[in-house]
Amino acid sequence: MPELPEVEIVRQSLEKKIKNKKIKKVIIRNRNLRFKIPLNFANFLKDLKIIRVKRFSKYLILHLSNKTYCLLHLGMSGTIHLIYNAKKNYITNTSFYNSPFYPKKHNHVEIIFDNLKIVYNDPRRFGFFELIKSEALLKKRFNHLGPEPFDTKFNKEYVYSFFKKKGKNIKNFLLDQNFVSGIGNIYASEILFLSKINPNKKASLISQKDCKKIVINTKKVLIEAIKKGGSTIRDFKNVSGAKGNFQNSFKVYQRDGLHCKITKCKGIIEKKNTSNRSTFFCNICQK
């Protein structure tokens, strides 16, 4: 599943290509995604202009010219393809976990503009589109989610207060979207490594000093990942055709059995399952 940095790269890619463009036509090939696409979806979007492309957590938000919004979540396997000049078959993939080649199956939605179209592909169909009719409803839509890592509300005091009397381990909290929005398995492992905190440590035992480390390193890891174009686990490319390369900076993720990258540390990266998720950590740095 794409995490915050990968969704942000998709957002930046779409913003460059479809901002201020008018939707000419929408083709729905399969309404049966995680939530069924509304019957009026195509007619609603037709002739509207994309004012901007925003993001909250792992959600893409298309701001429309009639002051409404189209929400898009990529789910587990959703990808977006930009097609320019179909006769030349020039294809660029903007999404995570996919090849740059235009897929032949599972193309569920096409949004067509003057000189290009975006195609939503999703083999597992866990992604979804949602129309939201006002700014108030948009805010309400995200009420159940915690603050974004870059929000000023995500600070040492918030984290320490949230962790009080909580028995769940710290790794699970970083993955809990009610606590903080947008962090997934890859970046949770990297954040805890930089913070020198064992992923299995109970949240209630985390000190204020460690809470500060978590806040600082969360921002640090995510900013670096965005700058490096996200993490390419398979063949993620942005609209420029460039691969994400944050995976080359992994300190622990998928490095089980290898030596710790910290100078003078003799630790070995271990892999354990935490709540059915692979967890990576240094057996010395993160005792």
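Which are the buried residues of α6? Before answering, I noted that this is a predicted model, in which local features need pLDDT of at least 70 and side-chain atom pairs count only at pLDDT 80 or more, while totals for chains, interfaces and linings use all residues. I also noted that residues are numbered from 1 along each chain as its sequence is written, and that side-chain values use heavy atoms, with hydrogens and water left out.

**Entry on the helix.** I found the buried residues of α6 to be Asn-185, Ile-186, Tyr-187, Ala-188, Ser-189, Glu-190, Ile-191, Leu-192 and Phe-193, where buried means under 20% relative accessible area, exposed over 50% and partly exposed in between, with a 1.4 Å probe and protein chains only. That is 9 of the 10 residues of α6, which is mostly covered. Helices are DSSP runs of H or I with at least four residues, strands are runs of E with at least two, and both are numbered from the N terminus. The buried residues pack against α1 (4-18), α5 (170-175), α7 (208-227) and β11 (277-282).

**Entry on Ser-189.** This residue lies in α6 (residues 185-194) and counts as buried because its relative accessibility is 2%.

**Entry on the cysteines.** Taking a disulfide as a pair of cysteine sulfur atoms within 2.5 Å, I counted 0 disulfides. The sulfur of Cys-265 has its closest cysteine sulfur in Cys-285, 3.5 Å away, so it is too far for a bond.

Notes:
Contact = heavy atoms within 4.5 Å.
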